[in-house]
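Here are some notes to read alongside the structure.

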Amino acid sequence: DLALNVALPELKVPGLPDTIKITKPVFAVTEAAPAALKLAKGAKAPSVPYVTIGMDLVMQAGGNAHDFDSLLMVGKDAKGKRVIDLVGSAKAPKGLFTFKGLSVKTLDLASVYETNKWDFRLKGTAALNSADLDFDTEIKKDKGKTEYVATLTSKSGITAKDVVGRDVPGFDKVVLDKVVVTNDSLVADLEFGAKKTKGEIAAFHPGKSDKAVMAVTLDKLVFSDLVPGSAGTVLDGVGVEGLTLVVVPPKGSGLKPDDPAVPAKIAANMKKVLQDAAKHDATKSGYTLKEGFNILADLDLKGSKGMGSLMASGGVTETVIPIVGTISRSTFNKTAAAADRLKDLALNVALPELKVPGLPDIIKMTKPVFAVTEAAPAALKLAKGAKGAKAPSVPPSGPYVTIGMDLVMQAAGHAHDFDSLLMVGKDAAGKRVINLMG
């Protein structure tokens, strides 16, 4: 029957986040465990008597007010050191996160006061689309604003499919690490492919979109990892650096790389590539991402003899060039047919002025564009002998690697316009050559 209590003056908890309000504090010594202690998930009951400060606690998060029946009590940490715990469970836990697809099932206070300082945290269970998981949320202040930074964990692992709620061929079964949600943004570490290339994945919802945009950054790849069918071609030895892959869902086209919803690291990577690409094509500064798989990266040409020859034939001295465009949604799906893995491949970048060695002075070249495409370029389609890929220098299928350009030739008192291109091919003896055709 032990039940002693007294109302206390207003609590002034040091460092209490401004999103939390505490009212009606009551100091109590009781035989029976307080209701808040019974509700607290995973709370280990101390020995009788229970000495607590109970209170009503309201936390603003996710645009909702969350009511807790909570209390302060003395406890011990994992090392047996005395600490003060702030525990309690939310009466209605839903609505904590603004990240679409992440819904809370249970929500508990898990804050600890030690060494004269509070560590304000929440813990609980949730569903990420169809995947069940646990979360541990740190409540912290950034630039004067209180934020809830949640780390998600699951015994079965969290995949890219769990994050975006739909199939992402080649990424569906990639298990993510250090999965963190802040506001409407999710970021995680990943290792991709057989070579375990390290990278980062992010998911976010621009505007009012219910479907997540997925963005992946990867440290380094070889081009054949990015574009199937390029192994054994002129692209052998080309490195891909600073790659950003942005998967825009259906009806999601129109997204700009600098959209406020894009996480800072992803936005910075895209900005760098687009700034480099805009040096010779001002339209790239206003680039718009398309529905499907978008790629922005730098290509390192130094290790490729074929690309070295192609660039040298045009007098291009750059050994690292930006590349922007789209790839197939099946690019990373190893079970897909070769043609499906190349579908929609269209990567390009404007080049500086060509300085073709020994070019006759009656020929002027302008607007050079380096491209890697699934479809044969218009100039190749028009090239005599190219129909049906009968010419020995014309590959039967993509990827087509070219430098396209406008070409004007003065002859017989007239200007002759050509839609032309430079392309690596082979002569009758099988030796690699560079063809200028159009």
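1. A word on terms to begin: helices (H or I, at least four residues) and strands (E, at least two) are DSSP runs, numbered from the N terminus. By that count the chain has seven helices and 23 strands. The radius of gyration, taken over C-alpha atoms, is 30 Å, well over the 22 Å that the globule rule (2.2 Å times the number of residues to the power 0.38) gives for 438 residues, so the chain is more spread out than a compact globule. Along its principal axes the C-alpha trace spans about 110 × 40 × 35 Å.

2. Please keep in mind that this is a predicted model: local features need pLDDT of at least 70, side-chain atom pairs count only at pLDDT 80 or more, and totals for chains, interfaces and linings use all residues. Residues are numbered from 1 along each chain as its sequence is written, and side-chain values use heavy atoms, with hydrogens and water left out.

3. How much of the chain is buried? Buried residues (under 20% relative accessible area with a 1.4 Å probe, protein chains only; exposed is over 50%, partly exposed in between) make up 46% of the 438 residues. Of the contacts (heavy atoms within 4.5 Å) with a separation of 6 or more, 54% are between residues 24 or more positions apart.

4. Do look at helix α4 (residues 264-277). Ile266, Met270, Val273, Leu274 and Ala277 are buried there. The buried residues of α4 pack against several strands, including β14 (197-204), β16 (239-248) and β19 (346-350).

5. Towards the end of the numbering, strands β21 (residues 400-411) and β22 (residues 414-426) run antiparallel and are joined by 10 bridges; two strands count as paired if DSSP finds at least two bridges between them. Gln410 stands opposite Ala415 in β22. This hairpin has two residues between its strands, and Ala412 in the turn has a positive phi of about 55°.

6. His414 belongs to β22, and its side chain reaches the backbone oxygen of Ala412 at 2.8 Å.

7. Strand β22 also pairs with β23 (residues 432-437), in the antiparallel sense, over six bridges. Leu422 stands opposite Leu436 in β23. Five residues lie between the strands of this hairpin, where Gly430 takes a positive phi near 85°.

How values were computed:
A polar contact is a pair of N or O atoms within 3.5 Å; within protein, one must be able to donate a hydrogen and the other to accept it, and residues adjacent in sequence count only if both atoms are side-chain atoms.
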